[in-house]
Amino acid sequence: MKSEPQVMRPRSRRRWSGIALTVILIIGAIPLLFPLWWLVTSAFKGLNEIFQYPPHLFPDELKWENFAKVFELQPFARQFLNSLYIAALNVIGTLVFSSLAGYAFARMRFPGRNVLFVLMLSALLVPLEVLIIPLYALMGELGWLGTHLPLIVLPVFGVDAVIGTFLMRQYFLSLPVELEDAGRIDGLSRFGIFRHIALPLARPALATVAILTFLTSWNAFLEPLVFVSGVPDLLTVPVAIPLYADAYGFPVWEVQMAASTLSILPVLIVFIIAQRYIIPGFARVGIAG
Amino acid sequence: MTQPVESPTYSQPGRRRSRWRPGYWQRDAIEGVAFVSPQLLGFLLFVVGPVLAIAWFSLHDWNVIAGTFNFIGTGNFEAMLNDKSLPTVVLASVLFALGYVPLNVSLGLLAALAVSKAAHAAGAMRTVYFVPVVVSGVAWALVWRFMLQDEGAVNGFLSVFGIEGPNWLRDSGWAIGMVVVVQVLKDIGFSMVIFLAALQGIPSDLEEAARIDGANNRNVFWHVTLPLLTPFVFLMIVLSIISSIKSFALIFLLTRGGPGYDTTTIPFYIYQRAFQNFDMGYASSLAVVLFFVVMILTAGQFALRKRWVFYEE
């Protein structure tokens with residue numbers, strides 16, 4: 001008790017340390033946010049202004065023609081649509097199959113359930129870079145190279161699916177089981193209980209899985225690079241952007257930055273709207289390991 | 001984050017069986033397998049199968065362009081000993097991991113501690129630090145390459161202060177360090193969020209009790225908060241090691257592994273050998289080695305965790 005006065009610091013001192021911390025955090029955020037500022041502003045700069053000394057924080061005038069060039073030099077609208085529909089199919093597929101599997105792992109009793117679950121979780125330790133060669137060979141055997149099928153099927157059923165399954169299982173485990181018992185007494189089948197009782201309750205988890213899947217799919221680089229390279233109409237946005245280059249292979253920076261701006265806009269919008277699902281979702285995925 | 005609780009209703013089916021239709025649990029077993037079968041099939045086909053296949057491929061001389069696929073036993077593994085670029089590649093991977101893992105864990109922890117104490121600004125700061133995590137790796141890599149080139153923005157701003165910066169990504173002394181920095185800046189938000197979740201889980205009465213016993217801020221951090229965080233520090237080290245192996249897109253777009261092989265990490269080297277030199281057999285043998293390295297590092301971490309992870313659930 002005697003040390004009580006030392007514990008309670010004066011309120012003003014505490015407030016100052018809060019302000020000091022905030023200032024430090026703001027300074028620390030500069031290298032995180034400045035690149036994005038630079039990306040978006042460079043998208044509006046002319047070729048001369050891009051390499052101006054000293055650098056311009058704001059563009060002199062907004063060069064909208066950089067964005068026009070994005071669509072002239074490559075079939076960017078098509079590529080954007082590719083990314084969008086592949087991501088949409090990944091989200092739908094992952095929601096359906098991860099929630100089914102996650103529910104079974106949480107609630108249903110079948111032989112080998114826990115062993116299987118741990119085995120599937122261990123897949124998260126295997127880097128995609130290790131699997132890419134045999135996956136390439138497998139896709140070749142199936143005749144899927146140069147199509148979007150690998151980009152649609154692999155995320156829904158491969159390594160990425162494990163994360164969705166895990167998140168769904170954890171959420172189903174946290175739901176009260178009594179509601180499902182009631183459904184069973186009323187004569188619902190297992191699938192009926194899943195479909196009409198458990199799934200509607202799991203909406204927050206479904207939202208998290210949907211957003212994480214969308215981000216992974218939208219940002220995927222290695223898979224499209226390996227599976228659909230070479231055909232402009234088949235590319236997705238991440239593999240298309242680095243291809244804005246001149247005849248010597250040097251990047252056309254202002255166009256690359258304009259295309260990058262277009263590619264991060266949907267993600268930033270989704271993030272700002274749905275961050276209360278996204279950030280805890282990432283935390284749970286991390287703690288999954 | 002709710003703690004998953006196994007319901008007693010399901011863990012003791014025998015006691016309750018009379019309430020359900022006969023054969024309910026038998027049907028449940030069949031339906032349960034049916035529910036997981038799509039994922040199970042995918043797991044076998046796209047994870048287990050490839051892991052086994054890569055071991056088989058590694059024993060072959062397999063060149064896609066030449067169309068060869070001949071069994072050569074351990075030939076690929078012997079070839080590694082004569083691969084003159086491999087030592088540089090291994091060094092680059094080790095340097096990358098040695099830079100990335102401690103920076104990612106410690107800066108993430110620092111950011112989490114600062115954000116958790118920043119009172120009113122905490123929510124906004126959490127969002128700000130997390131933004132690079134959701135931005136695509138391609139956009140992040142390209143804008144940094146743009147800024148770090150010889151006449152780029154970084155040197156432009158340095159020149160305002162009369163400093164002449166190096167050609168960051170082409171200079172042998174700087175390149176690997178810059179790759180580490182760019183990757184760490186992208187990932188800090190993620191490790192911060194893990195540590196924030198961990199800090200929320202620490203009951204405040206423990207810290208209060210320490211303070212009542214006369215502990216100052218520093219004592220509380222070193223003797224209460226940090227020991228309670230060690231399971232999460234452990235987790236972040238494991239995750240960081242794995243993600244340090246996954247930084248493919250960044251290296252591909254930032255440096256293409258150059259100058260020379262200075263920033264060519266093993267996964268990037270595997271990609272080059274497989275998809276640029278079409279030497280799939282040799283690349284497979286490298287992938288096998290990488291697989292075992294990841295497994296050994298992870299197992300080693302788990303073996304060591306008993307020594308320093310203080311609090312186990």
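**Close-up views of a predicted two-chain model**

Figure 1. B:Val143 touches A:Pro35, A:Trp38, A:Leu39, A:Met257 and A:Ser260, leaving out residues up to four places away in sequence; two residues are in contact if their C-beta atoms, placed from the backbone, lie within 7 Å. The model is predicted, so that local features need pLDDT of at least 70 and side-chain atom pairs count only at pLDDT 80 or more, whereas totals for chains, interfaces and linings use all residues. Residues are numbered from 1 along each chain as its sequence is written, while chains are lettered from A and ligands numbered from 1 in the order in which they are written.

**Figure 2. The interface between chain A and chain B.** In this contact, 92 residues of chain B meet 84 residues of chain A. Helix 3 (residues 24-57) of chain B gives the most to the side of chain B that touches chain A, namely 19 residues; helices (H or I, at least four residues) are DSSP runs, numbered from the N terminus. The side of chain B that touches chain A is made up of 71 nonpolar, 14 polar and seven charged residues. In this classification, Ala, Val, Leu, Ile, Met, Phe, Trp, Tyr, Cys and Pro count as nonpolar, Asp, Glu, Lys and Arg as charged, and the others, Gly among them, as polar. For the complex, the predictor gives an ipTM of 0.87 and a pTM of 0.86.

**Figure 3. The largest nonpolar core.** This core has 168 residues, and those with the most contacts inside it are B:Val143, B:Val179 and B:Ala287. Helix 9 (residues 175-200) of chain B supplies the largest share of the core, 15 residues. A nonpolar core is a set of buried Ala, Val, Leu, Ile, Met, Phe, Trp, Tyr and Cys residues joined through C-beta atoms within 7 Å. A residue is buried if 20 or more other C-beta atoms lie within 10 Å of its own, exposed if 12 or fewer, and partly exposed in between, with C-beta atoms placed from the backbone.

**Figure 4. Helix 13 and helix 14 of chain B.** Helix 13 (residues 266-276) of chain B is mostly covered, with eight of its eleven residues buried. Those buried residues are B:Ile266, B:Pro267, B:Phe268, B:Tyr269, B:Ile270, B:Tyr271, B:Arg273 and B:Ala274. Their cover includes helix 7 (128-142) of chain A, together with helix 5 (86-117), helix 11 (217-245), helix 12 (248-254) and helix 14 of chain B. B:Phe278, which follows helix 13 of chain B, has a positive phi, near 60 degrees. Helix 14 (residues 280-308) of chain B has 29 residues and reaches 41 Å from its first C-alpha to its last, close to the 42 Å expected at 1.5 Å a residue; the expected span is 1.5 Å times one less than the number of residues. Among the buried residues of helix 14 of chain B are B:Met280, B:Tyr282, B:Ala287 and B:Phe291.

Figure 5. Chain A is divided into domain 1 (4-65) and domain 2 (70-288), with bounds that come from an automatic or database domain assignment. The C-alpha centres of domain 1 and domain 2 of chain A lie 32 Å apart. Seven residues from domain 1 of chain A and six residues from domain 2 of chain A take part in the contact. On the side of domain 1 of chain A that touches domain 2 of chain A, helix 2 (11-42) and helix 3 (47-50) of chain A each give two or more residues. Helix 2 of chain A provides the largest share of that side, three residues.

**Figure 6. Two partly exposed residues of chain A.** A:Tyr277 is found in helix 15 (residues 253-288) of chain A and counts as partly exposed because it has 19 C-beta neighbours inside 10 Å. Beyond four places in sequence, A:Tyr277 is in contact with A:Pro204, A:Ala207, A:Thr208 and A:Ile211. A:Gly146 lies in the loop between helix 7 and helix 8 (149-157) of chain A, and with 15 C-beta neighbours inside 10 Å, A:Gly146 also counts as partly exposed. Not counting residues up to four places away in sequence, A:Gly146 touches A:Val228, A:Val231 and A:Leu234.

**Figure 7. Confidence along the two chains.** The mean pLDDT of chain A is 86, and 93% of its residues reach 70 or more; pLDDT is the predictor's confidence in each residue, from 0 to 100. Chain B averages a pLDDT of 83, and 91% of its residues score at least 70.
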